Amino acid sequence: MKTINVALLAGGFTGEYEVSINSAKNIAASLDASKYKVYTILINRHNWVYEIDGKATDIDKNDFSLTLNGEKIKFDFAFITVHGTPGEDGKLQSYFDLVGIPYNTCDATTSAITMNKAYTKAIVNGIHGLHAAKSIQLHQRDEHDTATIASTLKFPLFIKPNNGGSSVGMSKVYNVGGLHEAIEKAFKEDSQILIEEFIKGREFSIGIARLNGKITVLPATEIISSKDFFDYEAKYTPGVSEEITPADLPAEKNHEIAEIVTQIYLRLNCRGMVRVDFILLEGTQEFYFIEVNTTPGQSANSLIPQQVRAAGMSVSDFYGTLIEGTM
């Protein structure tokens, strides 16, 4: 059997660079070395490089190839684990479509849409059983009247970059006095921001993937944070949050959630693995949509690997199935 050359793309242009590097390390360690030859390609604003023995070699972007010791290496597959731009917003996907190399994520259109939280909410609106927090979208070039925002939405509010991830630039505010600073903080990360009403309830995250031609919903994870909300520190600092996989939910609620996230996956024309974050509203247990993540974290303790193991699968087989299903 021919070994498959896999280009594992990591890094990116955002504050999630290190998160991406950790994801790539786990994917590289998990892929079956007898089937896949993995080359980790580091991406930044200046170059794309493959590093080995302390030496960095540039990728030829004309055909996405690598020349080592006079030998030209062509890649059979691109495994994108770049969080944020350019790996999560459709830019790398468009490039790989042009050069004809299959990849693991949603296509360029879906990646671009789901990167924009406001657009995503508009598209999934109307799915049976799905609710969304009331929100306002702001553009940096527009005037921002905090009094109007305060009169339109109920506090507390979440202020977040519209095209960001890992809760970078996100704030929770309790009154109009905190709005201006939170808006400025979010605009440092993006030219569009989203202001949403706080939904009180239990927070969950659930993976979904097409495996062997079948849409498979993974067991949900409940996230219990010791902080006021699940921010960057809570996500990546050991001990700050508790993650329970599989979540303690009754069978009928798990079935309802699986139906909703399957419809989200289909309506957004998703491919590969994605993660849907949501809240079950306190009291009614209604499903409130937060966002879709099309390149979810893949470090050893990230949510998707946890859920794969809870489903009784090996992470190695899961990644291999994603690759071979796309090729």
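**Close-up views of a predicted model**

The structure, a predicted model, holds 2 cavities of 30 Å³ or more.

**View 1. The second largest cavity and its lining.** Sorted by class, the residues lining the second largest cavity are 5 nonpolar and 6 polar, with no charged residues. Rolling a probe the size of a water molecule over the atoms shows where empty space is left.

View 2. The strands are arranged in the order 9-12-10-11, and their pairing is antiparallel. Strand 9 (135–139) and strand 11 (171–173) are the edge strands, each pairing on one side only. On average, neighbouring strands of this sheet are turned by 20° against each other, direction ignored. Strands of a sheet pair through backbone hydrogen bonds, either parallel or antiparallel.

**View 3. The pairing of strand 10 with strand 12.** Strand 10 covers residues 157–161 and strand 12 covers residues 192–197. The two strands run antiparallel and are joined by 5 bridges. One of the residues to look for is P161, whose bridge partner in strand 12 is I193.

**View 4. Helix 4 on the sheet strands.** Helix 4, made up of residues 117–124, lies across strand 9, strand 10 and strand 12. Helix 4 runs at about 55° to strand 12.

**View 5. Helix 6 on the sheet strands.** Helix 6 spans residues 179–187 and lies across strand 9, strand 10, strand 11 and strand 12. The angle of helix 6 to strand 10 is about 25°.

How values were computed
Residues are numbered from 1 along each chain as its sequence is written. This is a predicted model: local features need pLDDT of at least 70, side-chain atom pairs count only at pLDDT 80 or more; totals for chains, interfaces and linings use all residues. Side-chain values use heavy atoms; hydrogens and water are left out. Two strands pair if DSSP finds at least two bridges between them. Helices (H or I, at least four residues) and strands (E, at least two) are DSSP runs, numbered from the N terminus. Axes are lines fitted to C-alpha atoms, for helices over the stretch in contact, and angles run from 0 to 180 degrees between N-to-C directions. Contact means heavy atoms within 4.5 Å. On a 1 Å grid over the protein atoms alone, a cavity is a set of points where a 1.4 Å probe fits but cannot get out, and a pocket is an open set with protein on both sides within 12 Å along at least five of seven lines; lining residues have an atom within 4 Å of a point. Grid points are joined across faces, edges and corners, and a volume is the space filled by probe spheres set on the points. Ala, Val, Leu, Ile, Met, Phe, Trp, Tyr, Cys and Pro count as nonpolar, Asp, Glu, Lys and Arg as charged, and the others, Gly among them, as polar.
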